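Let us read a fold step by step. We begin with the sheet, then turn to a helix.

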Amino acid sequence: MSIFAVEYVYDADSAELRDQHRPAHRQWLQQLVDEGHVLSAGAFVDGAGALLLFVAEDEAGLLALLKQDPFAVVGAISGMKTTAWKPALGAFSALA
């Protein structure tokens, strides 16, 4: 298993769409937290996107999972970057 940092980018004009689908998005994320697939997730303070930390077997599996995000399903994400991450110190370093 690997840790991946996922960065979502949101367009300012998608705020209403995101507000409408945020409960389903958060429920989806909470289920993944409960299953051990998400370590942490949260929006950037400026509202321009979010950072999510996932545990996944590989990037292909992660990308398949991310397509199920209610925000992705309704087109509320304008850009996304996934990066394999190996924490050296801190809360998640024991998982690397």
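Q: How many strands does the open sheet have, and in what order?
A: This is a predicted model. Strands of a sheet pair through backbone hydrogen bonds, either parallel or antiparallel. Here the open sheet has four strands in the order 2-3-1-4, and the pairing is antiparallel.

Q: Which strands are the edge strands?
A: Strand 2 (38-43) and strand 4 are at the edges, since each pairs on one side only. From one strand to the next, the twist averages 15 degrees.

Q: Over how many bridges do strand 1 and strand 3 pair?
A: Strand 1 and strand 3 share eight bridges, in the antiparallel sense.

Q: Now the helix. Which strands does helix 2 lie across?
A: Helix 2 lies across strand 1, strand 3 and strand 4. Its direction is at about 145 degrees to strand 4.

Q: Which residues of helix 2 are buried?
A: Buried means under 20% relative accessible area. In helix 2 (residues 59-66), that applies to Leu 62, Leu 65 and Leu 66.

Q: Why do the buried residues of helix 2 line one face?
A: Look down the axis of helix 2. The buried residues fall within an arc of 95 degrees, so they line one face of the helix.

Q: What covers the buried residues of helix 2?
A: The cover includes strand 1 (2-9), strand 3 (49-56) and strand 4 (79-85). It also includes helix 1 (15-34) and helix 3 (70-73).

Q: Which residue caps the N-terminal end of helix 2?
A: Asp 58 does. One of its side-chain oxygens lies 3.4 Å from the backbone nitrogen of Ala 60.

Definitions and conventions
Residues numbered from 1 in each chain as written. Predicted model: local features only at pLDDT ≥ 70, side-chain atom pairs only at ≥ 80, totals over all residues. Heavy atoms only, no water. Buried < 20%, exposed > 50% of the residue type's maximum accessible area, 1.4 Å probe, protein only. Helix = DSSP H or I, 4+ residues; strand = E, 2+ residues; numbered from the N terminus. Arc of directions from axis to C-beta. Contact = heavy atoms within 4.5 Å. Polar contact = N/O pair within 3.5 Å; in protein donor to acceptor, adjacent residues only side chain to side chain. Pairing = 2+ DSSP bridges. Axes fitted to C-alpha atoms, helices over the stretch in contact; angles between N-to-C directions.
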